[in-house]
Amino acid sequence: AGYAQHGHFEEALKLFCQMQQENVKPDEVTFLNVLNVCAKLAALEKGKQIHSHIIKNRLELNILVGNSLINMYFKSGSIQHA
């Protein structure tokens, strides 16, 4: 969250990938932040991977995560997925 809040978007994505490699389970706040990073970078493919991870692991899709997904798809130019 700290990297993302200070505009270090690439570093935030790298840290998220490192968390996945080390089998650290992300929580809702992590998903909110990394999806917002994907939106800021228009990183559609990474955003899709994160969305797939949420579905595959049957994580609860609450209103905040849902809004972050819509925002990410919209800002990444994939309006049909939003």
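Predicted model: local features only at pLDDT ≥ 70, side-chain atom pairs only at ≥ 80, totals over all residues.
Residues are numbered from 1 along each chain as its sequence is written, and side-chain values use heavy atoms, with hydrogens and water left out. Local features need pLDDT of at least 70, side-chain atom pairs count only at pLDDT 80 or more, and totals for chains, interfaces and linings use all residues.

Helices are DSSP runs (H or I, at least four residues), numbered from the N terminus. Two packed helices are described by the angle between their axes and the distance between the axes. Axes are lines fitted to C-alpha atoms, for helices over the stretch in contact, and angles run from 0 to 180 degrees between N-to-C directions.

Helix 3 packs against helix 5 (residues 63-75) at an angle of about 15°, and the two axes lie 8 Å apart. Helix 3 is therefore roughly parallel to helix 5 (angles under 35 degrees count as roughly parallel, over 145 as roughly antiparallel). Their crossing is left-handed (the near helix is turned anticlockwise from the far one by less than a right angle). Helix 3 makes the contact through E28, L32, L35, N36, C38 and A39, and helix 5 through L64, V65, S68, L69, N71, M72 and K75. Contact means heavy atoms within 4.5 Å. By class, these residues are eight nonpolar, three polar and two charged. Ala, Val, Leu, Ile, Met, Phe, Trp, Tyr, Cys and Pro count as nonpolar, Asp, Glu, Lys and Arg as charged, and the others, Gly among them, as polar.

Helix 5 also packs against helix 4. The axes of helix 4 and helix 5 come within 10 Å and cross at roughly 155°. Helix 4 is therefore roughly antiparallel to helix 5. This crossing, too, is left-handed. L44, G47, K48, H51 and I54 of helix 4 meet V65, L69, M72 and Y73 of helix 5. Six of the residues in this contact are nonpolar, two polar and one charged.

The largest nonpolar core has 19 residues. Such a core is a set of buried Ala, Val, Leu, Ile, Met, Phe, Trp, Tyr and Cys residues joined through side-chain atoms within 4.5 Å. L35, I50 and M72 have the most contacts inside this core. Helix 2, helix 3, helix 4 and helix 5 each give two or more residues to the core. Helix 3 gives the most, with seven residues. Beyond its neighbours within four places in sequence, L35 is in contact with G47, I50, I54, V65, S68, L69 and M72.

Two residues other than glycine have positive phi. N23 has a phi near 60° and lies in the loop between helix 2 (9-21) and helix 3 (28-41). N23 is exposed, at 67% relative accessible area (buried means under 20%, exposed over 50%, partly exposed in between, with a 1.4 Å probe and protein chains only). A42 has a phi of about 50° and sits in the loop between helix 3 and helix 4 (44-56). A42 is partly exposed, at 42% relative accessibility.

A43 lies in the loop between helix 3 and helix 4. A43 counts as buried, at 18% relative accessibility. The C-alpha atoms of A43 and K75 are 9.0 Å apart, across 32 residues of chain. S78, in the segment after helix 5, is buried at 2% relative accessible area. With neighbours within four places in sequence set aside, S78 is in contact with L44 and Y73.

Definitions and conventions
Parallel < 35°, antiparallel > 145°, perpendicular 65-115°, else oblique.
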